[in-house]
Amino acid sequence: HGWNQWAEVVLPDAREPRFLGDMPHAWVSSDYIRSALDLFAFDREAQGSLVIGAGLKPRWLRDAGGVQVQGLSTPYGPLHYRLQPAGRGWVLDLPRALPGLPGGLVLHWPEGVDLPRASHQGRTLPWVGRELALPAPPALVELAAE
């Protein structure tokens, strides 16, 4: 009450009869679209990092083609990555740098899939829970199933 800056669906007089039009409006659609895009990458603002893969499904990792993201809009520029099966594991290809990304990229490994051994240029990368801090792109990260 007393606040007149609400969206058009909130009326100052709660008892006023009024037709509100077709609901939900476009802002609801944008939330659904953003949620779908967040399956592939989202901004973790507090750390200034981008988390990739948090919504990937285990069956997507088993598919012969894997997952490929091209030009996903982020606050730090377009994101490109490919996670594809290779041998007894996967390869994560990060082909392009994201200038101005202070907290770096983080891979969140899907639930239901054992954590692979991760390495970059022969150096083992440590998991923290189900998350892996990734090297700055361009980079190829090997994820070997144990």
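Guide: Start with V67, which stands opposite L83 in β4. Keep in mind that this is a predicted model. The strands behind that pair are β3, residues 67–72, and β4, residues 79–86. They run antiparallel and are joined by four bridges. Together β3 and β4 make a hairpin, with six residues between them. G77 sits in that turn and has a positive phi of about 115°.

Now follow β4 to its other partner. Five bridges join β4 to β5, again antiparallel. R82 stands opposite D93 in β5. This second hairpin has two residues between the strands. Here G87 takes a positive phi near 60°.

Next, the open sheet. Five strands lie in the order β1-β2-β6-β10-β9, and the pairing is mixed. The edges are β1 and β9 (127–128), each pairing on one side only.

Strand β1 covers residues 41–44 and is joined to β2 by four bridges, running antiparallel. D43 has L50 of β2 as its bridge partner. β1 and β2 form a hairpin too, with four residues between them. In its turn, G48 has a positive phi of about 65°.

Move on to β2. I52 has L107 in β6 as its bridge partner.

S49 belongs to β2, residues 49–52. Its relative accessibility is 2%, under the 20% cut-off, so S49 counts as buried. Beyond its neighbours within four places in sequence, S49 contacts F42, D43, R44, L101, G103, G104 and V106.

Continue across the sheet. β6 is joined to β10 (residues 131–133) by three bridges, antiparallel this time. H108 stands opposite E131 in β10.

Finish with the aromatic rings. There are three aromatic pairs. In one, the ring centres of F40 and W60 are 5.9 Å apart and the planes are at 10°, so the pair is stacked. F40 lies in the loop between α1 (26–38) and β1, and W60 in helix α2 (residues 58–62), so the pair ties together parts 20 residues apart in sequence. F40 is partly exposed, with a relative accessible area of 24%. W60 is also partly exposed, at 26%.

Another pair is W90 with W109. Their ring centres are 5.0 Å apart and their planes are at 70°, so this pair is edge-to-face. W90 lies in β5 (residues 89–94) and W109 in the loop between β6 and β7 (117–120), so the pair ties together parts 19 residues apart in sequence. W90 counts as buried at 12% relative accessibility. W109 counts as buried at 0%. Ring pairs link W90, W109 and W127 into a cluster.

Methods: Residues are numbered from 1 along each chain as its sequence is written. This is a predicted model: local features need pLDDT of at least 70, side-chain atom pairs count only at pLDDT 80 or more; totals for chains, interfaces and linings use all residues. Side-chain values use heavy atoms; hydrogens and water are left out. Buried means under 20% relative accessible area, exposed over 50%, partly exposed in between (1.4 Å probe, protein chains only). Contact means heavy atoms within 4.5 Å. Two strands pair if DSSP finds at least two bridges between them. Rings of Phe, Tyr and Trp (its six-membered ring) pair if their centres lie within 6.5 Å; planes under 30 degrees apart count as stacked, over 60 as edge-to-face and the rest as tilted.
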